[in-house]
Amino acid sequence: MSIRAQDPFVDSFATMREDVNAFLPLLKDETLPLLYGPRLKPCAGAWLSHFTEQMGDKPKDLILEIGSHYGEVILKMAKDEADTAFIGMDITLKRVVKLAQKAQEFSLKNLTSILCNAKFLDQLFAPHELDGVLVFFPDPWAAKKRYHKNRLLKPEFLALLAQKLKPEAYFWFKTDWEPYNAEVLEALKAANWREISPSEGLPSKVYTSRFERLFKAAGQSTFASVWAPPLQTH
Ligand SMILES: C[S@@+](CC[C@H](N)C(=O)[O-])C[C@H]1O[C@@H](n2cnc3c(N)ncnc32)[C@H](O)[C@@H]1O
């Protein structure tokens with residue numbers, strides 16, 4: 001079940017019977033590192049305070065994964081970098097609950113799972129709040145041309161992302177879909193994003209996502225690149 005809210009701080013499941021979906025009651029389980037709707041609001045633009053309280057110390061960096069799925073990448077990153085804070089964002093109820101349960105099971109105080117649509121990025125983060133953003137294998141909406149408008153990584157979204165990243169932060173993008181890759185790379189270059197070598201600022205380990213593994217196992221090509229936001233001119 002995915003969220004369809006028009007406001008990230010509203011509980012769009014409020015009137016839904018809890019037995020409709022086994023994961024619904026877990027959304028309200030305040031012992032899980034999981035935020036959604038009204039509980040997200042106090043953290044918006046104040047993630048440092050949220051994680052300082054959760055981790056018991058100020059985090060070094062703040063990294064967001066959009067489309068974190070069941071957390072194959074972000075769980076490993078959070079284990080490897082205990083002093084950095086990680087947010088896993090997804091629109092699917094079951095996936096965000098499972099990620100939060102795993103973070104709790106592994107005692108990862110530096111990971112919070114959020115049920116939220118990335119289109120609300122502006123409401124969720126203050127300017128320059130993020131040190132890194134990962135978008136691995138976003139839905140390509142490839143089946144029909146009229147679906148392309150649903151793609152997340154459009155020029156308007158990338159402009160917003162640039163505002164939320166620190167100047168030295170990274171945007172790490174992977175896809176299997178060559179036309180989507182070309183479209184995103186063209187938009188990034190047109191907006192003066194700077195392609196950087198993965199060795200320049202990315203975690204040194206290899207993090208392979210679930211979709212990446214599946215595509216590679218099927219012998220399909222995948223594309224990956226890392227970008228720094230455009231330099232501010234004023
Ligand atoms: C194709 S899967 C890729 C999952 C994972 N990143 C990987 O590489 O294995 C895309 C994921 O993005 C999530 N998603 C799709 N649209 C989203 C949006 N607008 N905001 C946040 N998550 C989204 C989906 O629910 C799904 O988990």
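A pocket, as the word is used here, is an open set of grid points where a 1.4 Å probe fits, with protein on both sides within 12 Å along at least five of seven lines. In this predicted model, the largest pocket has a volume of about 1000 Å³, and the second largest pocket holds about 300 Å³ of space.

**The largest pocket**

- The lining of the largest pocket is made up of 40 residues, and those that lie nearest its centre are Gly 67, Asp 90, Ile 91, Pro 138 and Asp 139.
- Several helices and strands each supply at least two residues of this lining, namely strands E2, E3 (85-90) and E5 (130-136) together with helices H3 (72-80), H4 (93-105) and H8 (210-217).
- Helix H8 gives the most to the lining of the largest pocket, with 3 residues.
- When the lining residues of the largest pocket are sorted by class, 19 are nonpolar, 10 are polar and 11 are charged.

**The second largest pocket**

- The second largest pocket is lined by 16 residues, of which Thr 31, Leu 32, Pro 33, Gln 54 and Lys 109 are the closest to its centre.
- Strand E1 (34-36), helix H2 (47-55) and helix H4 each supply at least two residues of the lining of the second largest pocket, and the largest share, 3 residues, comes from H2.
- By class, the lining of the second largest pocket divides into 6 nonpolar, 6 polar and 4 charged residues.

**Glu 65, a buried residue in a strand**

- Glu 65 is found in strand E2, which runs over residues 62-66, and strand E2 is also one of the elements that supply at least two residues of the lining of the largest pocket.
- Glu 65 is buried and yet has no salt bridge, since the nearest side chain of opposite charge, that of Lys 174, is 8.7 Å away, whereas a salt bridge needs a side-chain nitrogen within 4 Å of a carboxyl oxygen.
- If neighbours within four places in sequence are left aside, Glu 65 is in contact with Val 73, Ile 74, Ile 87, Gly 88, Met 89, Leu 134 and Phe 136.

**Ser 209, a residue in a loop**

- Ser 209 is found in the loop between strand E7 (194-196) and helix H8.
- Ser 209 counts as buried because its relative accessible area is 8%, and the cut-off for buried is under 20%.
- Ser 209 and Phe 136 are 73 residues apart along the chain, and their C-alpha atoms are separated by 7.3 Å.
- With neighbours within four places in sequence left aside, the contacts of Ser 209 are Glu 72, Val 73, Phe 136 and Phe 137.

How values were computed:
Residues numbered from 1 in each chain as written. Predicted model: local features only at pLDDT ≥ 70, side-chain atom pairs only at ≥ 80, totals over all residues. Heavy atoms only, no water. Helix = DSSP H or I, 4+ residues; strand = E, 2+ residues; numbered from the N terminus. Buried < 20%, exposed > 50% of the residue type's maximum accessible area, 1.4 Å probe, protein only. Lys, Arg positive; Asp, Glu negative; His and termini not counted. Contact = heavy atoms within 4.5 Å. 1 Å grid on protein atoms, 1.4 Å probe; cavity = no way out; pocket = protein on both sides within 12 Å on 5 of 7 lines; lining within 4 Å. Points joined across faces, edges and corners; volume = space filled by probe spheres on them. Nonpolar A, V, L, I, M, F, W, Y, C, P; charged D, E, K, R; others polar.
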